[in-house]
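I opened a new notebook page for this structure. These entries record what I looked up, item by item.

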Amino acid sequence: SRAVSAEGVAPLECPSSLLRDADSLNTMFKSILSKVGWGELPSSFGFTIGEKVELPFNSLWDLHKALKRSDGSAASVFVCLKKDLGVQQVAAAKNAEQIFKSLRHPNVLRVLDTCDVDSGVYLATEAVEPLLSAECIDKDETEPATWGLYQALDALGFLHASGFAHGLFGPASLYVTAVGEYRLGGFELCGKDTSLESLLTSWKNFGPKIASWPEPPSNLTGSAQMIDLWGVTVLCAYVFGSAKAQTFGVDFRVDLARAPSSYPPELRKLLADFPKTGLKGKTPVADILATSFFQHHPAIRVMSFLSTLHIRSPEEKEGFFEGLPGLLDNIPKSMQTRQVLKELLEAQKFPGQEAAQVLPAILKIGVKLKDEEFKEKIAPLVVQLFAQPDRAVRFRLLTSMGEMINFLDEKIINDKIFPECLNGFTDSSGPIREATVKALVHFVPRLNAKTFENKVLKLLLKTMHDPEASIRTNAVICCGMISSSLPPALATQMLTSALPTGLKDPFSPCRSASLQTLQATAALFPLDDLANRLMPCVCQRLADPDANVHNTAFDVLESLRHQMREKVDERTAQQSADAAANIGGSNEAQSAPQATGGWSSWALSTVGSVVTSKLAGSMSSSAPGAASAEVSTPTHASGSTPTHATSGMDLSRMSLPQPTVTEEEGGGAGWGLDDLGLDSELTGAGEERENFWEDFGQMPTQVSSLAEQQEAEAAQKAEIQQKRPSGNRVQPPNMDASVHAPASRQPKAAPKAKSQAPAAKKTSSADMLAKEEDDFWAEFNM
């Protein structure tokens, strides 16, 4: 703060105009210093005085902002210039200097250095602002500054207990630190051996004299401390009245007559008579602080405990910090972020369990900070604590992650915090593993996709086999909650692996959670996965012994049925739209008969396929010429050869070889199964075939083509009968039993007489099977 000399400025390096400006500024600066006397300050005064802070009331002091030279920290300097002051005023300033030096109390303005020179008195203190200053007003605060009032009264009670009377106690004698702490100053009239009358007279000369504010009444009686009790009523009227009116500083008009309406009920009657009679005890201020209003107020309870934390027992600390998060809800936000947080950050540095115990409250307050403040105060602490091996600290961090995850940078999460969390999946402590699984719900939306796929997915699915049932249950719930934050393919892969395992878990809440998770995430699964992999697992739970599980299973199954119905309809509509767009109307015409074929269309197609394959096999083994001699292919009514669907043979239009006529059959039409060339496995299954068709009951007939079919069959039979002789039955060539009988069953050398017996048996079998064939086709009205 000494005068800056311009002698070191090189004239050749700067234009002459700049030199003239520098000289003029140097001269002006020296003139200012000579007027205020800063040039006389000794070098031992280690503060650089800065700009002046305007005081909204009369005072002997000028307040300036300052910096401490040793570390650059902020400070304040009170300057009392002697040049324009009288003897009594200078004496009052020196009295304040002496009181500041002699008093040591947490709520008294802390003096860092003093200097008394010929030009004035200098007091360097902690950085503060006047309570009534516009810069000290917190416009976002609507609650009364109860803790500040408590601090002021506590400092005054300390003075009274020491035998001092302040003399100027009130809003103008209070200052506020950067974090919102109240500090008592204004000790110009403070002393022990003073009378009430002398203080009342001095107050008129040294008082703040704020317009429209009350002054101490001249009829006060009693000790010198009575003027301080009057000041207590003025301070209470300001604290409670300004908060109610939302008007602060000197703009608020203190009206002691109306002030009791703004007091809390516990203090209303007490403060109404306080300036007149005081309290009957020897320590009236201490007695008022002992009332239930102050003792049970959450802010005062919290701050009083934190201010004496170093002398508290471990049991007291544990009980206090356990209930602290709940108390914070009843403390003003500005007080939490400025005062409580400061004390908690100091408390977590203590050795022992304080770090883990304090952490929940720190994180709860931290989320109320601005982003810049959080990154400055809380984020470094979180990174530091995650690196510690203390399980208690890790558990507190994991359980509080949901409150602070949005305030952390993704780079910090992916590079510094989450790698430390991965150890929690394999920790030997069950609570740590469970807290790690729960924290994934908050971590996954901020993690890189590769980090989750490569590191987290396997560990998460591994927890589905954890020995702790609650961990398995929470793992299922976690999978469902994070699925919306993952790519669809990865989410489906995770759920498809986790849900079947959870549905078979021996712990019933885990099975129930798996069912509910499936219901909530069913939209993510493809239709085939739902039908083939997941719904069978749900069906198993329909018979679950736990009532809650099987009731949930029925509800989930019904929900899945509706969702699958919608998906099937959507797929069908899409297929129809694609077919119409690619193929056109011809494809629709071909698909119409298949769609309307009814319930028996698949059975007809199957029989047609079997018969066709057998016919093809037998005819390929016969002589081509003989086969063509006996089989005639009828022509379609329109003259064209009919076509058949590839899925099976249309039996109503199939052209079978026509039967021969024998004398024994009396002109009846029918084919022997041996004549068709079918192998023994098919021809010997007549009874099974009849039972097969009996399962279908009455088969529908094709009424539209029945008459045409009957006419075509009758014409074919008549034509064959006309061409063949009326003698013995003509056997088809190469159709004897030796062709189809197995080699092991053919006789090696049999007499001629014995060979006639099988022939007679064959004829009887043909008659029986021909009748069965007629009955078989009659069922279909062929």
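I began with C478. Its sulfur lies 5.8 Å from the closest cysteine sulfur, that of C479, which is too far for a bond. This is a predicted model, so I read every value here as computed from it. For a disulfide, the two sulfur atoms would have to be within 2.5 Å. I then looked up the count for the whole structure. The search finds zero disulfides.

Next I asked about accessibility: is C478 buried or exposed? C478 has a relative accessible area of 1%, so I noted this cysteine as buried. The cut-off for buried is under 20%. I looked up C80 as well. At 1% relative accessibility, C80 also counts as buried.

Where does C537 sit? I found C537 in helix α24, which covers residues 527-540. Its relative accessible area is 9%, so C537 is buried. I then checked what C537 touches. Leaving out residues up to four places away in sequence, I noted P500 and L503. I also looked up a C-alpha pair. C537 and K504 are 33 residues apart in sequence, and their C-alpha atoms are 8.0 Å apart in space.

**S497**

I moved on to S497. This serine lies in helix α22, residues 488-503. With a relative accessible area of 37%, S497 is partly exposed. Which distance did I note between the C-alpha atoms of S497 and L461? They are separated by 7.6 Å, while the two residues are 36 apart along the chain.

**The three-stranded sheet**

Then I turned to strands. I found an open sheet of three strands, ordered β6-β7-β8, with antiparallel pairing. Its edge strands are β6 (128-130) and β8 (182-184), each of which pairs on one side only. From one strand to the next, the twist averages 40°.

I took a closer look at one pairing. Strand β7, residues 174-177, pairs with β8 in the antiparallel sense over three bridges. Which residue in β8 stands opposite L174? I noted L184 there. Helix α3, residues 146-161, packs on the sheet and touches β7 and β8. The direction of α3 makes about 25° with that of β8.

**The β4-β5 hairpin**

I looked up another strand pair. Strand β4 covers residues 111-116 and strand β5 covers residues 120-126. The two run antiparallel, and five bridges join them. A hairpin of three residues connects β4 to β5.

**Helices α3 and α5**

My last entry concerns a helix pair. Two packed helices are described by the angle between their axes and the distance between the axes. I looked up both for α3 and helix α5, residues 226-245. The axes come within 11 Å and cross at roughly 175°. An angle over 145 degrees counts as roughly antiparallel, so α3 and α5 are roughly antiparallel to each other.

Which residues meet across this contact? From α3 I listed L149, A152, L153, L156 and H160. From α5 I listed D228, L229, V232, L235, C236, V239 and F240. How do the residues of this contact divide into nonpolar, polar and charged? I noted ten nonpolar, one polar and one charged.

Terms used. Residues are numbered from 1 along each chain as its sequence is written. This is a predicted model: local features need pLDDT of at least 70, side-chain atom pairs count only at pLDDT 80 or more; totals for chains, interfaces and linings use all residues. Side-chain values use heavy atoms; hydrogens and water are left out. Two strands pair if DSSP finds at least two bridges between them. Helices (H or I, at least four residues) and strands (E, at least two) are DSSP runs, numbered from the N terminus. Axes are lines fitted to C-alpha atoms, for helices over the stretch in contact, and angles run from 0 to 180 degrees between N-to-C directions. Contact means heavy atoms within 4.5 Å. Angles under 35 degrees count as roughly parallel, over 145 as roughly antiparallel, 65 to 115 as roughly perpendicular and the rest as oblique. Ala, Val, Leu, Ile, Met, Phe, Trp, Tyr, Cys and Pro count as nonpolar, Asp, Glu, Lys and Arg as charged, and the others, Gly among them, as polar. Buried means under 20% relative accessible area, exposed over 50%, partly exposed in between (1.4 Å probe, protein chains only).
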